[in-house]
Amino acid sequence: MAQPRVKARKESVLAERFAVFAECLLTGVWIAVASAGVVTYPAAFAAGARHLRRRTAHQGGGWREFVGDFRTAMRRGWVVGLGGWVAVALVWVDVQAVRAGLPGGPLVGAAGLFALIGAAVAGLRAAAVWAPGERWRVLLAEAGRRTVLDPAGSFMVVGGLALVVLSAVFIAPLAVPVLGAVAAAAVAVEERHRHR
């Protein structure tokens, strides 16, 4: 006797989108934990972005895959993290010049702040496309070009960063899961750019 055919049950669009949102929040917690090493944040975002790419492609993956990607990204990613902190220190010096009232201070301070935001966006865009075997230097150079040539996408990433900052200001613990939303925004911006 033939077995009756059973249709595969599909998730509703709303359920699927909510699942992705929940995965973003969980990934934000993973990114925050992995970023505890101060210079590990580029590798943490790269592993988080790769996890979210797998999730949206309906491929398997979980905490173990995240940790494996994080370890692989850390091989050279810590240098990128150190460079980020050097950039923050240079902008801090710029801000001190503005506060001291040095001639040209406001212009230099504003330029430094814009350069830091641009570097953060390029770093996130590089992390969003990272895969094992990729070189951070090449990823950052290409992401820097995309940051300048795709201003709409870059502003979307800036919006995600602003969301984290505002979350931290109003409800500090909320900034942790929102990090996953920033990684998702960077992934979405890179996918949008790839399909243009």
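Predicted model: local features only at pLDDT ≥ 70, side-chain atom pairs only at ≥ 80, totals over all residues.
**Exercise 1. Salt bridges and their network**

Step 1. With a relative accessible area of 23%, Arg-50 is partly exposed, whereas Asp-69, at 7%, is buried.

Step 2. Turn next to Glu-190, whose side chain meets that of Arg-125 in a salt bridge of 2.5 Å, N to O. Here too distant parts of the chain are linked, with Glu-190 in helix H7 (residues 175-194) and Arg-125 in helix H4 (residues 105-129), 65 residues apart. Glu-190 and Arg-125 are both buried.

Step 3. Glu-190 also forms a salt bridge with Arg-146, in which the closest N and O atoms are 2.7 Å apart. This pair connects helix H7, where Glu-190 lies, with helix H5, where Arg-146 lies, across 44 residues. Arg-146 is buried, as is Glu-190.

**Exercise 2. Aromatic pairs**

Task: State how many aromatic pairs a search of the whole structure finds, and decide whether the pair of Tyr-41 and Trp-85 is stacked, tilted or edge-to-face.

Solution. The search finds five aromatic pairs.

Step 1. Phe-18 and Phe-21 have ring centres 6.3 Å apart and planes at 45 degrees, so this pair counts as tilted. The two residues are three apart in helix H1 and are therefore separated by about one helical turn. Phe-18 counts as exposed at 56% relative accessibility, while Phe-21, at 45%, counts as partly exposed.

Step 2. For Tyr-41 and Trp-85 the centres are 6.2 Å apart and the planes stand at 85 degrees; planes over 60 degrees apart count as edge-to-face, and the pair of Tyr-41 and Trp-85 is accordingly edge-to-face. Because Tyr-41 lies in helix H2 and Trp-85 in helix H3, the pair ties together parts that are 44 residues apart in sequence. Tyr-41 is partly exposed, with a relative accessible area of 25%, and Trp-85 also counts as partly exposed, at 42% relative accessibility.

Step 3. Trp-30, Trp-63 and Phe-66 form one aromatic cluster.

**Exercise 3. The crossing of H2 and H3**

Task: Determine whether the axes of H2 and H3 are roughly parallel, roughly antiparallel, roughly perpendicular or oblique to each other, and whether their crossing is left-handed or right-handed.

Solution. Step 1. The axes of H2 and H3 come within 5 Å and cross at roughly 140 degrees.

Step 1. An angle would have to be over 145 degrees to count as roughly antiparallel, and the range for roughly perpendicular runs from 65 to 115 degrees; H2 and H3 are therefore oblique to each other.

Step 2. The handedness of the crossing of H2 and H3 is right-handed.

**Exercise 4. Positive phi in the loops**

Task: Find where Val-38 and His-58 are placed, and decide for each whether it is buried, partly exposed or exposed.

Solution. Step 1. Most residues other than glycine have a negative phi. Val-38, however, has a positive phi near 65 degrees, and His-58, likewise not a glycine, has a positive phi of about 60 degrees.

Step 1. Val-38 is placed in the loop between helix H1 (13-34) and helix H2 (41-56), and His-58 in the loop between H2 and helix H3 (63-100).

Step 2. At 47% relative accessibility Val-38 counts as partly exposed, whereas His-58, at 55%, counts as exposed.

**Exercise 5. Confidence**

Task: Identify where in the protein the confidence is lowest and where it is highest.

Solution. Step 1. The protein averages a pLDDT of 89, and 94% of the residues score at least 70.

Step 1. Confidence is lowest in H1, with a mean of 88, and highest in helix H5 (residues 136-149), at 95.

Definitions and conventions. Residues numbered from 1 in each chain as written. Heavy atoms only, no water. Helix = DSSP H or I, 4+ residues; strand = E, 2+ residues; numbered from the N terminus. Buried < 20%, exposed > 50% of the residue type's maximum accessible area, 1.4 Å probe, protein only. Phe/Tyr/Trp six-rings, centres within 6.5 Å; stacked < 30°, edge-to-face > 60°. pLDDT = per-residue confidence, 0-100. Salt bridge = Lys/Arg side-chain N within 4 Å of Asp/Glu carboxyl O. Axes fitted to C-alpha atoms, helices over the stretch in contact; angles between N-to-C directions. Parallel < 35°, antiparallel > 145°, perpendicular 65-115°, else oblique. Left-handed = near helix turned anticlockwise from the far one by under 90°.
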